[in-house]
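Here are my notes for someone opening this one for the first time. Have a look at the picture, then go through the points in order.

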Protein chains: 2
Amino acid sequence: MAREDPIKNLIDALKRLPGVGEKTAQRFAYFIIGMTGRDARLVAQAIVEVKERIKVCSICYNLTETDPCPICTDTKRDRSIICVLEEPRDLIALEKSGSFKGVYHVLGGLVSPITNVGVDELRIEELRHRVSAEGVREVIIATNPTKEGELTSHVIRERLTDMNVKITRIAQGLPAGGDIEYFDSQTLTAALTNRREL
Amino acid sequence: MAREDPIKNLIDALKRLPGVGEKTAQRFAYFIIGMTGRDARLVAQAIVEVKERIKVCSICYNLTETDPCPICTDTKRDRSIICVLEEPRDLIALEKSGSFKGVYHVLGGLVSPITNVGVDELRIEELRHRVSAEGVREVIIATNPTKEGELTSHVIRERLTDMNVKITRIAQGLPAGGDIEYFDSQTLTAALTNRREL
């Protein structure tokens, strides 16, 4: 296997990346061949390092170099509010906004009848456990406002109803800088329904 | 640098691939994080191996593990016909077709006023040298039928006019399986002009 054609090997390896087909993998491969040896080694090293150093936080399931992660161990954060997210990328986006000072819980996906992801594949039991063990006051469900995100939100709410905790959902409405003219009815309906007094 | 955030490091490394922006690099990075350690190492290894094992043929400038490349050293191939190409990917496509039994010459690009690639950056002097030294009968110019490909073809023809060699250009016309209804005027004009008697 290792003695195969190294270009073909590389193309096959790159084809495994999401959304990358034969043609794109070829383009990437020839680009890598055109790199200096040093630059190519840096890319390879970055791949190896990320696997060696990144693990999953045993509390919130975020990706981290230390377990528990820096957010879970940060004493300045409010551990009584948990923001529930689909995946680590959503967490990064929210952290960038700087508007949330609680802690997180990464579900690891959304319930999906299409891709056949069931409730039990998400970390909902782990969330229940945290809510009961850590004296949580509020769970903010911050899954995407898509069909699957709403379905997941619904399921989480159901699973937590027997617990003494406030459950909230992030707001839907127009995004900042949005142009009313171009938004779908669902967004506009949400923006109207969720209107607030000035 | 190596002690930076390994996820950010990887995203930065992946962003260097052609056509890959921040979002795609993120998607790739999280996909790699989700791979098994073994699979990720295979990708990294494929990158390192391709750089270590692939070099450029000193005769035709194709990518190869041995110098000269297997095509240049193949005694069954007709060394008196050289097919001139933009890049190694074109060579692979032609080899797959199985319809060419001569040898190749990879230019390493096309003349382009837009990206400012000049004639002297292509391997045209090297081609002249081969034509005069190796008793070449025919040079087939197989650059793409694009503006830059045609310009390059024109330049090569000019540079070889003083030499005793037949210069030909690959044919333009409809591709196999093509639907006349959907082709541009230039292709249809070429298909009509290059018509042949049945």
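This is a predicted model: local features need pLDDT of at least 70, side-chain atom pairs count only at pLDDT 80 or more; totals for chains, interfaces and linings use all residues.

1. K166(B) itself belongs to strand 6 of chain B, residues 166–169. Its relative accessibility is 52%, so K166(B) counts as exposed, the cut-off being over 50%.

2. Now for a residue at the other end of the accessibility scale. Y104(B) sits in strand 4 of chain B, which covers residues 102–106. With a relative accessible area of 1%, Y104(B) is buried. Setting aside neighbours within four places in sequence, its contacts include C60(B), I71(B), R77(B), L91(B), E95(B) and R130(B). T161(B) is 57 residues from Y104(B) along the chain, and their C-alpha atoms are 19 Å apart.

3. You'll find N62(A) in the loop that runs between strand 1 (55–56) and strand 2 (63–64) of chain A. Is N62(A) buried or exposed? N62(A) is buried, at 9% relative accessible area. Apart from neighbours within four places in sequence, N62(A) touches K55(A), V56(A), C57(A), P88(A), L91(A) and V106(A).

4. Next, how the two chains relate.

5. How many of its nine residues are buried? Seven are, which leaves the helix mostly covered. Among them are P6(A), I7(A), L10(A) and L14(A). What do these buried residues pack against? Part of the answer is helix 2 of chain A, and the rest comes from chain B, namely helix 3 (37–53) and strand 2 (63–64).

6. Helix 2 of chain A (residues 22–34) also packs against a helix of the other chain, helix 5 of chain B (residues 88–97). Their axes are 11 Å apart, at an angle of about 130 degrees. The two helices are therefore oblique to each other. On the chain A side the contact is made by Q26(A), R27(A) and Y30(A), and on the chain B side by P88(B), R89(B) and I92(B). By type, the contact residues are three nonpolar, one polar and two charged.

7. Last, the rings. Over all chains there are three aromatic pairs in the structure. In one of them, F28(A) and F28(B) have ring centres 6.1 Å apart and planes at 75 degrees, so the pair is edge-to-face. This pair crosses between chains, joining helix 2 of chain A to helix 2 of chain B. F28(A) counts as buried at 2% relative accessibility, and F28(B) likewise counts as buried at 2%.

Note on methods:
Residues are numbered from 1 along each chain as its sequence is written. Chains are lettered from A and ligands numbered from 1 in the order in which they are written. Side-chain values use heavy atoms; hydrogens and water are left out. Axes are lines fitted to C-alpha atoms, for helices over the stretch in contact, and angles run from 0 to 180 degrees between N-to-C directions. Helices (H or I, at least four residues) and strands (E, at least two) are DSSP runs, numbered from the N terminus. Angles under 35 degrees count as roughly parallel, over 145 as roughly antiparallel, 65 to 115 as roughly perpendicular and the rest as oblique. Contact means heavy atoms within 4.5 Å. Ala, Val, Leu, Ile, Met, Phe, Trp, Tyr, Cys and Pro count as nonpolar, Asp, Glu, Lys and Arg as charged, and the others, Gly among them, as polar. Rings of Phe, Tyr and Trp (its six-membered ring) pair if their centres lie within 6.5 Å; planes under 30 degrees apart count as stacked, over 60 as edge-to-face and the rest as tilted. Buried means under 20% relative accessible area, exposed over 50%, partly exposed in between (1.4 Å probe, protein chains only).
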